[in-house]
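Q: Hi! I'm new to this one, could you walk me through it?
A: Happy to. Here it is.

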Amino acid sequence: MMKPTFLQSEKYSPLASCQSLNPQVNNKAAKKAGGLIITSLVDAFSILVIYLLFGSSLNGEEISSNIGVKIPKAFFSQLIEQDVTLKVQNNRYFLNEKPVQKNQIAEQLRVLYKNRAVKDDKGGFLVVIADQDRPAEEINPILIAASEAGYSQLKMAVEHEGE
Amino acid sequence: MSAKHKELDFEINLMPVLSIMSICICYLLSIAVWNRMGMITVQQAIGDVLPVSGVNADSLLVKLHKSGSVIIEFRDGYNKRDVAPVKIAADSSGKVKFDLFKDSLGKLLNSTGTAKTVLVMPENTVPYGQTIRVMDILKSYQLNVGLAPSVSEEAL
């Protein structure tokens, strides 16, 4: 008669097999290590992966912000649209992630605006990223340069706050 | 001859699945965006833009001082009605009292009624975050917000 395997035994229990006192199995070769039920862990992981996959795909445009730039928060903001970005950090200016001198901002914006107007007639807008704790006078060169270049709309990047 | 006992149960090794899922989760957590970014649209004048007709629409001018006080002045159409500017003092820590500003602005717009545009003029050393917060409050009243370059305290 075929002896049933240990796992096929009716008396097999992962927890019981770990008991050193009053062991429930007679098999001398009982495994000391209990079986770990990980199906619920797989379920939890799969739900987490699906959630993060959906979460990462539902966002709109992404704009990189330097570590150390704390953008202000606002309730009544619109979804971010990326066109030309002008970032100011510690009185240093970055146009589309490239450093630019303060006196050259207007000229470079003018070139970008002209190229933009050739591609379509929408006129374009400028996204401004600045730290909330810095003084407002750091934004002045951007406002003046944008006005000279022809950008009539500025989009101030903020961290959207729910109400 | 004894028949060979055939095992009908089979085991699925879930360890590779768990490993792959852990890597996916670590990767997605590292690229996840937890803060939603938005934007506040600000209009500004460019070049020589002349008004079409002689009568200017009612508009407001909001001045932000470095002390944290806010002054709401009236321009154009409001001047004809002799509406006095509204001053909102700062709180004890020198910051703008945003709740009071919002309430005062609401009462003002309800009583005087027709302003659609507002120009924000901060003083040089006013924090950018306070300027944005003020513009956010103005946006909540569906006003067209413009931002003027900051000026010195004497000019303000």
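Q: Let's start with strand 3 of chain A and strand 6 of chain A: how many bridges join them, and do they run parallel or antiparallel?
A: Five bridges join them, and the two strands run parallel. One bridge pair there is Val84(A) with Leu126(A). Keep in mind that this is a predicted model.

Q: What about strand 7 of chain A, how does strand 6 of chain A pair with it?
A: Also in the parallel sense, over three bridges. Val128(A) has Met156(A) as its bridge partner in strand 7 of chain A.

Q: Which helix goes with those two strands in a β-α-β unit?
A: Helix 3 of chain A, residues 140-149, and the unit is right-handed.

Q: Is strand 6 of chain A mostly covered or uncovered?
A: Mostly covered, with five of its five residues buried. Leu126(A), Val128(A) and Ala130(A) are buried on one side, while Val127(A) and Ile129(A) are buried on the other.

Q: Why would neighbours end up on opposite sides?
A: Because side chains in a regular strand alternate between the two faces of the sheet.

Q: Switching topic: which residues touch the most other members of the largest nonpolar core?
A: Leu109(A), Leu126(A), Met156(A), Val62(B), Phe101(B) and Leu138(B), out of 50 residues in that core. Helix 3 of chain B, residues 128-140, gives the most to this core, with six residues.

Q: And what does Leu109(A) touch?
A: Leaving aside residues up to four places away in sequence, its contacts include Val84(A), Leu126(A), Ala145(A) and Tyr151(A).

Terms used: Residues numbered from 1 in each chain as written. Chains lettered and ligands numbered in written order. Predicted model: local features only at pLDDT ≥ 70, side-chain atom pairs only at ≥ 80, totals over all residues. Heavy atoms only, no water. Core = buried A, V, L, I, M, F, W, Y, C linked by side-chain atoms within 4.5 Å. Buried < 20%, exposed > 50% of the residue type's maximum accessible area, 1.4 Å probe, protein only. Helix = DSSP H or I, 4+ residues; strand = E, 2+ residues; numbered from the N terminus. Contact = heavy atoms within 4.5 Å. Pairing = 2+ DSSP bridges. Right-handed = clockwise from strand over helix to strand, strands pointing away.
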